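My notes are below, in the order I looked things up.

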Protein chains: 2
Amino acid sequence: MGKSEITREALLDAALYEASLSGIARLTLAPVAAAAGRSKGGLLRHFPSKESLQIAVLEHALSSFRHYVLEPALPMPSGLPRLRAIMENWLSWTERAGLPGGCPILSSQYAFDDRDSAVCAHVREAWTSWQSYLRRQASKAQEASQLPPGLTPEALAMLMVGLKATAQMESRLLKDDDANRRALRLFDHLTGRAEPAN
Amino acid sequence: MGKSEITREALLDAALYEASLSGIARLTLAPVAAAAGRSKGGLLRHFPSKESLQIAVLEHALSSFRHYVLEPALPMPSGLPRLRAIMENWLSWTERAGLPGGCPILSSQYAFDDRDSAVCAHVREAWTSWQSYLRRQASKAQEASQLPPGLTPEALAMLMVGLKATAQMESRLLKDDDANRRALRLFDHLTGRAEPAN
């Protein structure tokens, strides 16, 4: 990487950290420049507008998400074993990625659902693509008879997003250290493993 | 109600509408004053700070939530029948309440989980109290043998928050008109009714 790319990476790391705390929607140039130890003018050379910074941070978050959530699950057989690994990785990825404020991709769901902007289109595209992947894996699970009768691929994908959302709420807002474990047990219970979902 | 209380109600209605679109965390005095057709000075007489406005709007949202979600479910027998009515009402309440941007209480989960402020304490209190109510009803369902074996009260409460969160994401961000119906069928499927969860 050249010097300019290294600077860009450092700025994006600082911005992603900020986005974890405040959300991508509330990300503005000045605090990111301050956190990265740069001038706002220096930041503007890399990201000429707030929107371009928000889109770049979303892409940076997605890249980190793939690294911590998806890639470690790819060696697992497709279908339910891979979905279970994804669920487990997804619940804990921000801790492993050093993002203290939780998942900025999750909070972006709500922050961008009423607007028509380039950032909004990127958020929608990211979620559409992730939902499609989950549904495809859930279809493979269904074809391999790994799902309980009546649990459709669409429903399983919906359930996984919901478990992540509620686990983040219970662990971050309500400070319940047991929430991620409870969500994973609930996933196991609802996909047909025998453990009680407590 | 006196004139001052009527004005306060009108301001809160306008603020709640704005909060549905932008979130309580991004609510500021000037746009609310403009939406209510008042001066910022007039608004400041009722809400002397952004924080006091945000807390009042959260309380206003909770009051509407109780009216549209909880109260119509109270005639149902406690336990699973009441939880099922709550789930159905919860999925659709913002449409019935005329809030075009979805549930501002749901989006407040993420917006206030990293801060230590009076608004944050109110958001945490609201979610703690709602979670306790859901768990209590789920315990009654369990005592009445209305739950499938292994589904604990804590897990059922978690599931309900998750279904609301993911249904809002799929319907609002991904514009899927079938999301609320899918979430309710998934609730039925996972609590032991016979319908396939598609």
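What follows is my notebook, entry by entry.

**Ground rules.** I'm working with a predicted model, where local features need pLDDT of at least 70, side-chain atom pairs count only at pLDDT 80 or more, and totals for chains, interfaces and linings use all residues. Residues are numbered from 1 along each chain as its sequence is written, while chains are lettered from A and ligands numbered from 1 in the order in which they are written.

**Symmetry.** I started with how the copies relate. Two copies of a chain are related by a rotation about an axis and a shift along it.

**Interface.** Next I counted contacts, taking two residues as touching if their C-beta atoms, placed from the backbone, lie within 7 Å. I find 42 residues of chain B in contact with 42 residues of chain A. On the chain B side, α6 (104-111), α7 (118-143), α8 (153-173) and α9 (179-190) each give two or more residues; helices here are DSSP runs of H or I, at least four residues long, and strands are E runs of at least two, numbered from the N terminus. The top contributor is α8(B), with 13 residues. By class, I noted 21 nonpolar, 13 polar and eight charged residues on that side. My classes: Ala, Val, Leu, Ile, Met, Phe, Trp, Tyr, Cys and Pro are nonpolar, Asp, Glu, Lys and Arg are charged, and the others, Gly among them, are polar. Since 100% of the interface residues of chain B are also interface residues in chain A, the copies meet through the same surface.

I picked α9 (179-190) of chain A against α8(B): their axes come within 10 Å and cross at roughly 90°. Axes are lines fitted to C-alpha atoms, for helices over the stretch in contact, and angles run from 0 to 180 degrees between N-to-C directions. So α9(A) and α8(B) are roughly perpendicular (65 to 115 degrees; under 35 is roughly parallel, over 145 roughly antiparallel, the rest oblique). I listed R182(A), A183(A), L186(A) and H189(A) on one side and E154(B), A155(B), M158(B) and L159(B) on the other.

**A helix pair inside chain B.** Then I looked at α1 (3-22) and α4 (50-70) of chain B, which pack at about 90° with axes 9 Å apart. That makes α1(B) roughly perpendicular to α4(B). From α1(B) I noted L12(B), A15(B), L16(B) and A19(B), and from α4(B) L53(B), A56(B), V57(B), H60(B) and A61(B). The tally is eight nonpolar, one polar and no charged residues.

**Core.** How many residues does the largest nonpolar core have? I got 120, and those with the most contacts inside it are A15(A), V57(A), A15(B) and V57(B). Such a core is a set of buried Ala, Val, Leu, Ile, Met, Phe, Trp, Tyr and Cys residues joined through C-beta atoms within 7 Å. Skipping neighbours within four places in sequence, V57(B) touches L12(B), A15(B), L16(B), A19(B), I24(B) and L27(B).

**Spot checks.** L80(B) and Q142(B) are 62 residues apart in sequence, yet 8.4 Å apart in space, C-alpha to C-alpha.

I also checked phi for S145(A), which is near 55°, a positive value in a non-glycine residue. S145(A) sits in the loop between α7 and α8 of chain A and counts as exposed, with 10 C-beta neighbours inside 10 Å. K175(A) also has phi near 55°; its place is the loop between α8 and α9 of chain A, and K175(A) counts as exposed with 11 such neighbours.

Methods
Buried ≥ 20, exposed ≤ 12 C-beta atoms within 10 Å, placed from the backbone.
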